[in-house]
Amino acid sequence: MRKWMVLSIGTVLFATAGAVYGAPEDDSAASLASNSTTLPNNYPFSNESGRASSFSTQGDIEKTGAFFEKLGNNDRTCETCHTPSDGWGLSTRTIRDAFRRTGGVDPLFEFDGHNCPEDDLSTVDARRAASSLMLSKALLRFAKALPETREYDIIAADGLKCTTSDLNQLFYVYRKTLAATNFQNVSSVLWDGRGGNGQTGLRQVANGAVFQHSERVGGDIREDQKDHIVNLGNSLSSAQSWDVSAKSLSAQGALGGAVNLSTLPTSGPPGFTIYNAWSSLYGEDATTQARRSIARGQAIFNTRTFAGGQTCTTCHNSQNFGNNLNGAFFATGVASKENRARELPLYTVANRSTGAIVKVTDLGRGIESGKWEDIGKFKPPMLRSLASRPPYFHDGSAATLSDVVSFYNRRFSIGLSYQDGQDLANFLKAL
Ligand code: HEC
Ligand code: HEC
């Protein structure tokens, strides 16, 4: 069995992938120099509810190769927005730290890190205002045009601050980063599936991202660079490993954590099974209570029905991963007028044949398909290592996992009790 190494303060601990001693499963603190060129395998990064790590089937991660290189015309790499400490996504915590550290000139805030292309960037205050959507909700700017063949037009935009002369040819949406990990059973790629599907989709996005975010001009990146990027994402399993209340998430028969995730089957009936063993624990101590709460949360996720017999797993149907295996898109109402943060533009969209009107902050899948029925639809993202990368939803509208639970409870009138809500949030934090 291969050996791996974890550096914790003043100590070097050795462990095997199967039976883990020391961090991240225990309580010890760890720190990794931010300029470190090696990411030790399964390295424990702290987050609000505990610690998460990424286990790579290829061992320690040398931070060299295309993912970690500047491939375009600005100072960004993929790691700029797909940060290992944030479950290979990007949290508002990291964004705010970077702003404070650099006065808003970190590569994160270049280009699409501003609300509008024409924003004033001359002072720290100006840059703070220009990147307000990044700082408050971890949102990047995307310029969009509607397809020629479509069933609707955008007829008005409220609150859009950027300049455009024809809304149907140029409008802006703001989206949060998706995690570049746990691609074992990836289906549609990008929030609206415009990246395509599965491994082919990842390869396409590995190249496309360089043009989208790094202002590359000229030809595509090389095939070996695409290989490097796709192999990295495929080799990684990321998950919460340790929880402040429940402690080790792989104790007493539980199968939480990144190492377990790397060995879980990628098929099976919808639902999570990793905390099954915790549903029958006995004991009044705080750790046992916290473990039981997580197990109850898992049961709610799997079986609580609402809105005509749906469960959370109707859409999040990939076992123990939580994305949608069929590559389907759903309108959960996140992009609706009712859920709108006032900083976001609100688009009024009119159906060309019926004249029906809908108001949304982002047209989602509809932008790609041109179909009326796809307006406001998004993919259900993979649900592991969530605690590493707040905020949540494509528009960052849920600051915490408790906010996610409140959103669903309201939106689908689920009728969760206070305890149910806590249990479900505790479960999501332990993924
Ligand atoms: C400026 C920030 C930024 C940079 C730099 C960046 N990304 Fe992303 N990435 C995003 C955002 C935002 C999304 C979601 C966009 C969407 O779906 O519309 C995303 C989505 C993705 C996805 C889709 C994941 C999924 O589950 O569908 C992949 C894969 C990806 N990025 C890979 C890369 C690679 C590879 C690089 C480097 C070449 C890169 N990204 C650079 C912000 C960034
Ligand atoms: C009708 C389909 C559907 C149902 C039912 C559903 N989800 Fe989702 N879920 C989605 C979609 C689509 C998204 C992305 C929405 C967006 O960002 O616009 C999402 C996003 C999420 C996210 C945010 C992930 C991230 O990375 O930002 C979490 C967490 C989540 N869902 C948990 C749940 C829970 C818990 C339930 C049950 C109470 C549930 N979902 C029920 C479709 C669904």
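**Cavities**

I looked up the largest cavity and noted a volume of about 50 Å³. A cavity here is a set of points on a 1 Å grid over the protein atoms alone where a 1.4 Å probe fits but cannot get out; grid points are joined across faces, edges and corners, and the volume is the space filled by probe spheres set on them. By this rule I record four cavities of 30 Å³ or more.

I record that this is a predicted model, in which local features need pLDDT of at least 70 and side-chain atom pairs count only at pLDDT 80 or more, while totals for chains, interfaces and linings use all residues. Residues are numbered from 1 along each chain as its sequence is written, chains are lettered from A and ligands numbered from 1 in the order in which they are written, and side-chain values use heavy atoms, with hydrogens and water left out.

I then listed the lining of the largest cavity: Y172, V173, Y174, L344, P345, T361, D362, H394 and D395, where a lining residue has an atom within 4 Å of a point. I sorted this lining into five nonpolar, two polar and two charged residues, with Tyr, Val, Leu and Pro among the nonpolar types and Asp among the charged.

**Iron sites**

Donors are N, O and S atoms within 2.8 Å of the metal (3.2 Å for Na, K and Ca). H316 lies in the loop between α9 (312-315) and β12 (346-351) and Y408 in helix α11 (residues 401-411), 92 residues apart. Helices (H or I, at least four residues) and strands (E, at least two) are DSSP runs, numbered from the N terminus.

I noted H316 as buried, with a relative accessible area of 11%; buried means under 20% with a 1.4 Å probe, protein chains only.

For the iron atom of ligand 1, I found H82 (NE2) as the only protein donor, at 2.1 Å. H82 lies in the loop between α1 (78-81) and α2 (92-102).

**Nonpolar core**

I looked up the largest nonpolar core, which has 38 residues; Y275, W278, I294, F301, F427, L428 and L431 touch the most other members. Such a core joins buried nonpolar residues through side-chain atoms within 4.5 Å.

Conventions. Buried < 20%, exposed > 50% of the residue type's maximum accessible area, 1.4 Å probe, protein only. 1 Å grid on protein atoms, 1.4 Å probe; cavity = no way out; pocket = protein on both sides within 12 Å on 5 of 7 lines; lining within 4 Å.
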